[in-house]
Amino acid sequence: MTDTADTSLNTFQFYATTEADPWFTPDTPVTIEAMRTFPGAFLRLDAPAQEVDGFGVCFNELGWVALSRLSEAERTEVLRQIFAPGVGANLSVCRMPVGANDFATDWYSYDEVDGDYALEHFSVEHDDATLVPYIRAAKAHRPDLTLWASPWGPPSWFKRNHHYACAAPNPMSEQTNFDNGLSPDNQIEEGTDGLILSEQVLDAYARYFGKFIDAYAERGIDISMVMPQNEFNSAQIYPACTWTPEGLIAFLKHLIPEMERRGVQVFFGTMERPDDTMVEKVLADPEVGPHIGGVGFQWDGKRAVPFIHHNHPELKIYQSEQECGDGKNDWRYARYAWTMMRHYFNHGASVYDYWNLALDEGGVSRWGWSQNSLVTVDPDTGKSRFTYEYYVLRHLSGFVQPGARFVPALSYTGYENLLAFHNPDGSVVVAAQNDMTTPQEFVVGVGSKNVSFTAPADSLVTVVVPAEHVEVAPKPLA
């Protein structure tokens, strides 16, 4: 073994993102040498953690509306950069809604005929104009794309208030100009079951899921997993339905058999409150719990992730929706996105899903909430641009292969602002943030060697260490 390996930039992939320059290769080289001095951080290749299934985004109707403003050539290139393996963001595990969500063009469900428990009027034809071509366009670049789904709300007549929303607009919110038509005395509160919990409705709603799976399969789109409800605690002014854990258990007893007949997994979620006991109640049910394959967390649900992962290491953890920002798509929020990725991967996440792939500039939903996206489109010029958060996501998703193992980092000197993964091909991906105003040198122990690189001021960087330089070393001193 030589003391120093090839240090040319052709040997190590090395990329950086700053506010001024969103994607470049720094001038300073990456070096590697035998570990003769303590590194700033050890990568625990001897104790790898969870397997990573991939990264993704959610297919929303307004995303396709924005992308449809582009020329066919530009739209194809944008999606190639997002989905094509080895090109850009390399996304592979994505989400979609079951019916309308808050970034739909308007409210709809697949069966709004009151009393149609036989679902004779069920149809997903509405999606043929938006979601179906959107997903097909992505699959053109990624044929093996994995897709999972969850509803934001059921058909309105399945709910106690017979309305798609649970809450009327708050006059103090930015959605003041959007009247959803729900009277204040017909609202459904958090902590209650918005669905009518009759056996007739529970059975019909489970079959509704089944018909959705079947209809998409007929269109050449396979859905491998479902979660029963987006943000089951939240009483929202857009499509929503609140649930109690007990109500979810009652529904899951119908949903699980319906999905298992189709080979579709069922996860619990999405969970956006920091109360892990809500998950535990469902997992403890002897009829339901053994059939739950994972849990999806988003927003403030992130505070419950460490407890569920600790108590149930066998369950998959999905970060099901990255917090969505405010439509400014600025560097400040991109830096915050990095902290979310660190939190989830350090606590067991197997999948990290961003929210909106594309939106018009400003990112305003049908219900008046401005949000961020990976791509923004200027509706006046019909031109697109990648945002900072695209590059932040790409720093991991572009290099971490499906089947990689997350590698915990150990530091005795505070160099823990990094994430590392051991790919199936033997390479190691190291992503780090320099949150200082001056360049920072990182020395990372990778197996039996020290890998050194300098991160520019206020930057994110990724270094890919080729497999031939990776040797698993004994455990560092505890």
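What you see is a predicted model, where local features need pLDDT of at least 70, side-chain atom pairs count only at pLDDT 80 or more, and totals for chains, interfaces and linings use all residues. Residues are numbered from 1 along each chain as its sequence is written, and side-chain values use heavy atoms, with hydrogens and water left out.

Helices (H or I, at least four residues) and strands (E, at least two) are DSSP runs, numbered from the N terminus. Strand 12, residues 349-356, is mostly covered, with 8 of its 8 residues buried. Strands count as paired if DSSP finds at least two bridges between them. Strand 12 pairs in the parallel sense with strand 5 (residues 54-58) over 4 bridges, and C58 has N356 as its bridge partner.

Next, the domains. Their bounds come from an automatic or database domain assignment. That assignment gives domain 1 as 13-48 + 408-469 and domain 2 as 53-402. Their centres, taken over C-alpha atoms, are separated by 33 Å. Contact here means heavy atoms within 4.5 Å, and 27 residues from domain 1 and 17 residues from domain 2 take part.

UniProt, in an unreviewed entry, places the feature "domain: Glycosyl hydrolase family 30 TIM-barrel" at residues 52-163 and 203-400. Its positions are in the numbering used here, feature names are shortened, and annotations may be inferred rather than shown by experiment. Residues 52-163 are 25% helix and 14% strand; for residues 203-400 the values are 37% helix and 21% strand.

Strand 1 is joined to strand 22 (residues 459-465) by 6 bridges, and Q13 stands opposite V464.

Helix 9 (residues 388-397) has 9 of its 10 residues buried, so it is largely enclosed by the rest of the structure.

In helix 6 (residues 276-283), the buried residues are D276, M278, V279, V282 and L283. They cover an arc of only 155° around the axis, which puts them on the same side of helix 6. The arc is that of the directions from the helix axis to the C-beta atoms. These buried residues pack against helix 5 (245-260), strand 9 (265-271), strand 10 (292-298) and helix 7 (305-311).

Last, some backbone details. The peptide bond from G269 to T270 is cis, with omega near 5°, and T270 is in strand 9. N90 is not a glycine but has a positive phi of about 65°; its loop runs between helix 2 (72-83) and strand 6 (93-97). E231, also not a glycine, has a positive phi of about 45°. E231 is buried, with a relative accessible area of 7%.

Key. Buried means under 20% relative accessible area, exposed over 50%, partly exposed in between (1.4 Å probe, protein chains only).
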